Amino acid sequence: MSIAFTFPGQGSQSVGMGKDLADAYPEARAVFEEVDEALGQKLSDIMWNGPEETLTLTANAQPALMAVSMAAIRVLEARGLNLSGKVAYVAGHSLGEYSALCAAGTFSLADTARLLRIRGDAMQTAVPVGQGAMAAIIGLEHDDVDAVCVEARAAGVCQIANDNGGGQLVISGSKAAVEKAAALATEKGAKRAIMLPVSAPFHSDLMAPAADAMRHALDKVEKNNPVVPVIANVRAAPVYDADEIARLLVSQVTGQVRWRETVEWFGANGVTTLYEIGSGKVLTGLARRIDKNISGIAVNTPADIETALAAIVG
């Protein structure tokens, strides 16, 4: 029996997130202050007071979600949690991989905030607004969705961006190609094919300029080997070496988030409980659909933290 910590990605943000942690714990307050200072911006004010459309901007949402996750981690650690002693693995969904790496000591908190600001800006500007798109395909298997993407490529870039499990896959690429793929998926029996209200075609080859930006940024930042193995998004397997982690983070910008396989890997390697550290409960819901033998527990309020401490530290 073992524990893994997972960290949420974009879409889990909400106005007010992290405020109860900051009010209850000085360690959490210190995290939000450090992130504000690293970015030269009062990001915590946007997180707690909105407006929602400003928080949802990719360049804000990414470091903001990481800050909430790290606030919870710092509180847990201050109250007796030894990450490397109690947690077997960490993983994060897309930007959440940076939160996982920060928790595991690969990057400092300030550097993680700056990396995510660079990542958010680079992803937002890689493709002119209106040229890219993403769609959720519900009710088809991975290979069927992949085949649909291949067929749609006559109209442009189209590929699987996220395999979230439970029959939920997200495709990304050129607007015309993604629309064609969504229509083909419906013809092939998908329960639903929903165009997503996103600002850019994340995790597609169109993000190549953002991948280049991250390669340069990651080259310049100090990196340590993680104290807990990280299950990388694009590999769905553990990574231990800091330089290899950086290479995979560059690949992640244009590559597929293999979340279903990540949770399946956990199940096959003795993980029985996934604690989702940070805002929302998206990953907890996905885990339940992927592997019924794994318990998912969200940790994002003071009450959640006390419950988790009692279960993990005793």
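**Entry 1: Gly-280**

I looked up Gly-280 and found it in the loop between strand 9 (271-277) and helix 14. Here helices (H or I, at least four residues) and strands (E, at least two) are DSSP runs, numbered from the N terminus. I noted that the model is predicted: local features need pLDDT of at least 70, side-chain atom pairs count only at pLDDT 80 or more, and totals for chains, interfaces and linings use all residues. Residues are numbered from 1 along each chain as its sequence is written, and side-chain values use heavy atoms, with hydrogens and water left out.

The cut-offs are under 20% relative accessible area for buried, over 50% for exposed, and partly exposed in between (1.4 Å probe, protein chains only).

I then checked Gly-280 against Phe-7. They are 273 residues apart in sequence, and their C-alpha atoms are 9.9 Å apart in space. Leaving aside neighbours within four places in sequence, I listed Ser-12, Ala-298 and Asn-300 as the contacts of Gly-280. Contact means heavy atoms within 4.5 Å.

**Entry 2: Ser-2**

I went to strand 1 (residues 2-7), which holds Ser-2. Ser-2 counts as buried because its relative accessibility is 17%. I set aside its neighbours within four places in sequence. Ser-2 then touches Ala-88, Asn-269, Gly-270, Val-271, Thr-272 and Thr-273.

**Entry 3: backbone angles**

I looked for a cis peptide bond. The bond from Gly-50 to Pro-51 is cis, with omega near 5 degrees. Pro-51 sits in the loop between helix 3 and helix 4.

Next I checked phi. His-203 is not a glycine, yet its phi is positive, about 55 degrees. I found His-203 in the loop between strand 6 (192-195) and helix 11. Its relative accessible area is 3%, so His-203 is buried.

Ala-236 also has a positive phi, near 55 degrees, and is a residue other than glycine. I placed Ala-236 in the loop between strand 7 (230-231) and strand 8 (238-239). Ala-236 is at 7% relative accessibility, so it counts as buried.

**Entry 4: helix 8**

I tested the span of helix 8.

Why is helix 8 largely enclosed by the rest of the structure? I found that 12 of its 17 residues are buried, so the rest of the structure largely encloses it. Among the buried ones are Leu-109, Asp-111, Arg-117 and Met-123. The cover over them includes helix 2 (26-39), helix 3 (43-49), helix 5, helix 7 (96-103), helix 11 (208-220) and helix 12 (242-254).

**Entry 5: the record**

I checked UniProt. An unreviewed entry there places "domain: Malonyl-CoA:ACP transacylase (MAT)" at residues 6-314. UniProt annotations may be inferred rather than shown by experiment. I found the end C-alpha atoms of residues 6-314 to lie 21 Å apart, and the span is 52% helix and 16% strand.
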